[in-house]
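Please open the structure in a viewer and keep the sequence at hand.

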Amino acid sequence: MIGAIMFILLIGLMFLGVPIAFSMGLSAILMLLINATATPVAITTRAVNSLDSFTTMAIPFFMMASFILTGSKVGVKIFRFAGTLVRHLRGGLAHVNVLTSMIMAGMSGSAVSDVSGIGRMEMDAMEEAGYDKPFAAAVTAASSTIAPIIPPSTSCVLYGSITGVSIGALLIGGLLPGILMGLLQMVLCWIISKKNGYPLQNKASRHEIWVAFKDSFAAMMMPVILVVGILSGYFTPTEGACVATVYSILIGMFVYKTLTLKKLFKILMDTSVFAGATLFVLSMASIFGLVLTHNQIPTKLTAFFLGLSDNKYILLFLINVLLLVLGMLMEGNAIYMIMGPILGMLAVQLGCNPVHFGIMVIFNLTLGLITPPVGLCLFLTQKVAGITTHQMIKSVMPFVIMMICCLLIITYWEPLVVWLPKLFHLC
């Protein structure tokens, strides 16, 4: 009964436009105080202690690295290098767009950073080359969703922090699914480009490729350092986030010389705001989770799901459907916070590998970034492109369908996710 009232209050507050952190915090605190389950001091202590975690520190550092790279205009160099590799294929600049996002995903870990950082440049280049604006916007929005999958991924850090799943294993587990996602997007771009007769471009010379490679080499070494460092056990994901931040400052200031102290100060301020907001949500989610645990909500919902069927694969399908619907209606981080304890328990009860289940959940919720009515990247790209909502949704739907097919592959082909983490004894 308490759990039902809390969820109704949470939904009501969100419907009134109250931010998710305050909605979770107010509804949970009210239930705790009414039932005398916890004192105000105990509630405050719980909120503060939930952030007293070494792994949680990876979130602000990965955010800072992402902001620094965006401010240093590194994306321009990556875009030029990607162009020399695939621009001669049918739909060349669409492939360049996707490949750039794949490389940038290994640096930023944020879909929004991808769209806001180099999205306009990618769309302008495609439009100038003769591509339809809605198609250019759709490719930009869809390719940005690769960022939460390929390491470093703030979504992996967040999910791992909430559920207790190894963050290192989640980060590495997302590498192959992220590459598969990018390749399937490129196949779709080729099909659409051939159908619409988009122009071909000249093939880059070896010298041009070499020049572009040298210019972008320093930036592209960042994801290599992160992946090798985590796989070798030389540093933890949190230490890797610190390494990424320091490395991005060094290449921005001394290699590319596009990062000034004035820019860095502004980036630090922006990081403080965004990281503070994210960590506040995390602290409120811990109080919300306390109420859920006290009222055995995760156990009851797990029992409900297990009562629907005794077939693991049918249950995984139903969970995916539930998450797809939630992802269309709510912001992804909010779903991690609210559903985290429930999802973690479901993975154990279903006998799923927790890393495989975690990547499935994370991939599923990235779809919410490009689906209405809440899709953040969908509407951010639409705004940047200057097209109508109808044009944006219509053009992005083929990519949504393709990503759902990719989700099914990830769901039912466990080795795709766990092969690398098991190879390096991370899970």
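**First stop: helix 9 and helix 17**

Select S155, L158, Y159, I162 and T163 in helix 9; these residues meet N333, Y336, M337, G340, P341, L343 and G344 in helix 17. Sorted by class, this contact contains seven nonpolar residues, five polar residues and no charged ones. Please note that the model is a predicted one.

Helix 9 covers residues 154–163 and helix 17 covers residues 332–350. Their axes are 9 Å apart, and the helices pack at an angle of about 40 degrees. Helix 9 and helix 17 are therefore described as oblique to each other. The handedness of their crossing is right-handed.

Select P151 and P152. What kind of peptide bond joins P151 and P152? The bond is cis, with omega at about 0 degrees. P152 belongs to the loop between helix 8, residues 133–144, and helix 9.

The crossing of helix 8 and helix 19 is right-handed. On the side of helix 8, select K133, A137, T140, A141 and S144; on the side of helix 19, select C377, T381 and A385. Together these residues make the contact. Four residues of the contact between helix 8 and helix 19 are nonpolar, three are polar and one is charged.

**Fourth stop: aromatic rings**

Aromatic side chains are the next subject. A pair of aromatic rings is described by two quantities, the distance of the centres and the angle of the planes. How many aromatic pairs does the structure hold? There are nine. For one of them, select Y131 and F135: the ring centres are 6.3 Å apart and the planes stand at 20 degrees, so the pair is stacked. Are Y131 and F135 buried or exposed? Both residues are buried.

Next, select F81, W210, F213 and F217. Ring pairs link these four residues into a cluster.

Select T238, which is located in helix 13. The relative accessible area of T238 is 4%, and the residue is therefore buried. With residues up to four places away in sequence not counted, T238 touches F54, T55, M57 and A58.

K257 is not a glycine, and its phi has a positive value, near 55 degrees. Is K257 buried or exposed? K257 counts as exposed, because its relative accessibility is 66%.

Continue into helix 14, where T271 is placed. T271 has a relative accessible area of 3% and is therefore buried. Which residues are in contact with T271, leaving aside its neighbours within four places in sequence? They are P60, M63, M64, F67 and G276.

Select residues 312–329 for helix 16 and residues 389–412 for helix 20. These two helices pack at an angle of about 140 degrees, and their axes are 11 Å apart. That angle makes helix 16 oblique to helix 20. The crossing in which helix 16 passes helix 20 is right-handed.

To view the contact, select Y313, L316, F317, N320 and L324 in helix 16, which meet L407, T411 and Y412 in helix 20. The contact of helix 16 with helix 20 has six nonpolar residues, two polar residues and no charged residues.

**Last stop: F7 in helix 1**

Finally, select F7, found in helix 1, which spans residues 2–15. Which residues does F7 touch, not counting residues up to four places away in sequence? Select F288, L292, I297 and I338 to see them.

Definitions and conventions:
Residues numbered from 1 in each chain as written. Predicted model: local features only at pLDDT ≥ 70, side-chain atom pairs only at ≥ 80, totals over all residues. Heavy atoms only, no water. Axes fitted to C-alpha atoms, helices over the stretch in contact; angles between N-to-C directions. Helix = DSSP H or I, 4+ residues; strand = E, 2+ residues; numbered from the N terminus. Parallel < 35°, antiparallel > 145°, perpendicular 65-115°, else oblique. Left-handed = near helix turned anticlockwise from the far one by under 90°. Contact = heavy atoms within 4.5 Å. Nonpolar A, V, L, I, M, F, W, Y, C, P; charged D, E, K, R; others polar. Buried < 20%, exposed > 50% of the residue type's maximum accessible area, 1.4 Å probe, protein only. Phe/Tyr/Trp six-rings, centres within 6.5 Å; stacked < 30°, edge-to-face > 60°.
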